[in-house]
Amino acid sequence: MKAIVIGATGTIGKGIVAELESKGYEVISGHRNSLVSIDIDNPESVHDFFESTGKVDAIICAAGSAAFAPVSELDEEKIQSSLNSKFAGQLRVAKYGMKNLKENGAIILTGGMFAYAPWPSTSIISAVNKGLEGFALGATLEMEDGKRIMVAHPPLLSETAEKMGMPTDPWPKSSEVAKSYSKALESGKSADVFYVDGYEPK
Ligand SMILES: NC(=O)c1ccc[n+]([C@@H]2O[C@H](COP(=O)([O-])OP(=O)(O)OC[C@H]3O[C@@H](n4cnc5c(N)ncnc54)[C@H](OP(=O)(O)O)[C@@H]3O)[C@@H](O)[C@H]2O)c1
């Protein structure tokens, strides 16, 4: 089995790569600095990346940024860059990646816990994460040959909490978060949202 992981060198991506490799997947890494690079903020780059990769069983996107800012400070630049990266960027991955999926192949996009448990200053992240769910719901109606698309909503990772100088408890490690992605791949479902065990919405 083959999988493309976009954001493969990131905090979440590294865990996903290790999880998939432990399950026997051959993983193709995609990010801005990979051998064949992909910048999800740039439509042409996403198009070209998928022209150069063959058919795979899974495409996972764990890349894209959105602004941390109170609504009063959401200027046009922050709004547009958040929408273009974490939202449109992942939609591009689905659009251009779809043709590279084998029969019954699956796409997983990454939102995050702010979809269901926002903090102050996360309104646009919340909106983007929820928007991904809507996209998966609609796109599912057009998927053929058993192809599927899902969304993962990880909580804050302990590695990220540590980098931010926050307590690492109660947050899960990347290796634990990665299991929600393999659970999604093995589920046979489409349009569904996947959470890390123990971090589901209350
Ligand atoms: N970490 C958390 O606690 C957490 C929790 C919930 C959700 N999330 C979401 O999960 C995603 C990944 O987060 P992360 O913390 O793992 O990020 P990260 O550690 O900063 O890693 C980002 C990864 O994506 C790549 N990347 C960055 N921008 C890209 C672009 N425009 N096009 C293609 N690849 C790009 C990076 O490599 P290059 O620099 O080489 O491109 C790297 O491989 C983000 O959308 C984030 O909002 C994170």
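This is a predicted model: local features need pLDDT of at least 70, side-chain atom pairs count only at pLDDT 80 or more; totals for chains, interfaces and linings use all residues.
Leaving aside neighbours within four places in sequence, glutamate 19 is in contact with Ala178, Lys179 and Ser182. Glutamate 19 is placed in helix α1. Its relative accessibility is 10%, and because buried means under 20%, glutamate 19 counts as buried.

Two packed helices are described by the angle between their axes and the distance between the axes. For helix α1 (residues 11-22) and helix α6 (residues 174-187), the axes come within 8 Å and cross at roughly 60 degrees. That angle makes α1 oblique to α6. The crossing of these two helices is right-handed. On the α1 side the contact is made by Thr11, Ile12, Gly15, Ile16, Glu19 and Leu20, and on the α6 side by Ser174, Ala178, Lys179, Tyr181, Ser182 and Leu185. Sorted by class, this contact of α1 with α6 has six nonpolar, four polar and two charged residues.

Helix α2 (residues 43-52) can be read from its buried residues, which are Ser45, Val46, Phe49 and Phe50. Seen down the axis of α2, these residues fall within an arc of 125 degrees, so they line one face of the helix. An α-helix has 3.6 residues a turn, so residues three or four places apart point the same way. What covers the buried residues of α2 includes the strands β1 (2-6), β2 (26-30) and β3 (56-61), together with helix α3 (76-97).

Helix α3 also forms a pair with α2. The axes of α2 and α3 come within 9 Å and cross at roughly 35 degrees, and the crossing is right-handed. Here Pro43, Val46, His47 and Phe50 in α2 meet Arg92, Val93, Tyr96 and Gly97 in α3. By class, the contact of α2 with α3 has five nonpolar, two polar and one charged residues. Val46 and Phe50 take part in this contact, and both are also among the buried residues of α2.

A further pair involves α3 and helix α4 (residues 123-140). These helices pack at an angle of about 25 degrees, with their axes 10 Å apart. The helices α3 and α4 are therefore roughly parallel to each other. The passage of α3 across α4 is a right-handed crossing. From α3 the contact takes Lys78, Ile79, Ser82, Leu83, Lys86, Phe87, Gln90, Leu91 and Ala94, and from α4 it takes Ile124, Val128, Asn129, Gly131, Leu132 and Phe135. The residues of the contact of α3 with α4 divide into nine nonpolar, four polar and two charged.

Leucine 109 lies in strand β4 (residues 101-110). Its relative accessibility is 0%, so leucine 109 counts as buried. Not counting residues up to four places away in sequence, leucine 109 touches Cys61, Gln90, Leu132, Phe135, Ile149, Met150, Val151 and Ala152. Of these, Gln90 belongs to the α3 side of the contact with α4, and Leu132 and Phe135 belong to the α4 side. Cys61 falls within β3 (56-61). As for valine 71, leucine 109 is 38 residues from it in sequence and 25 Å from it in space, C-alpha to C-alpha.

Technical notes. Residues are numbered from 1 along each chain as its sequence is written. Side-chain values use heavy atoms; hydrogens and water are left out. Axes are lines fitted to C-alpha atoms, for helices over the stretch in contact, and angles run from 0 to 180 degrees between N-to-C directions. Helices (H or I, at least four residues) and strands (E, at least two) are DSSP runs, numbered from the N terminus. Angles under 35 degrees count as roughly parallel, over 145 as roughly antiparallel, 65 to 115 as roughly perpendicular and the rest as oblique. A crossing is left-handed if the near helix is turned anticlockwise from the far one by less than a right angle, and right-handed if clockwise. Contact means heavy atoms within 4.5 Å. Ala, Val, Leu, Ile, Met, Phe, Trp, Tyr, Cys and Pro count as nonpolar, Asp, Glu, Lys and Arg as charged, and the others, Gly among them, as polar. Buried means under 20% relative accessible area, exposed over 50%, partly exposed in between (1.4 Å probe, protein chains only). The arc is that of the directions from the helix axis to the C-beta atoms.
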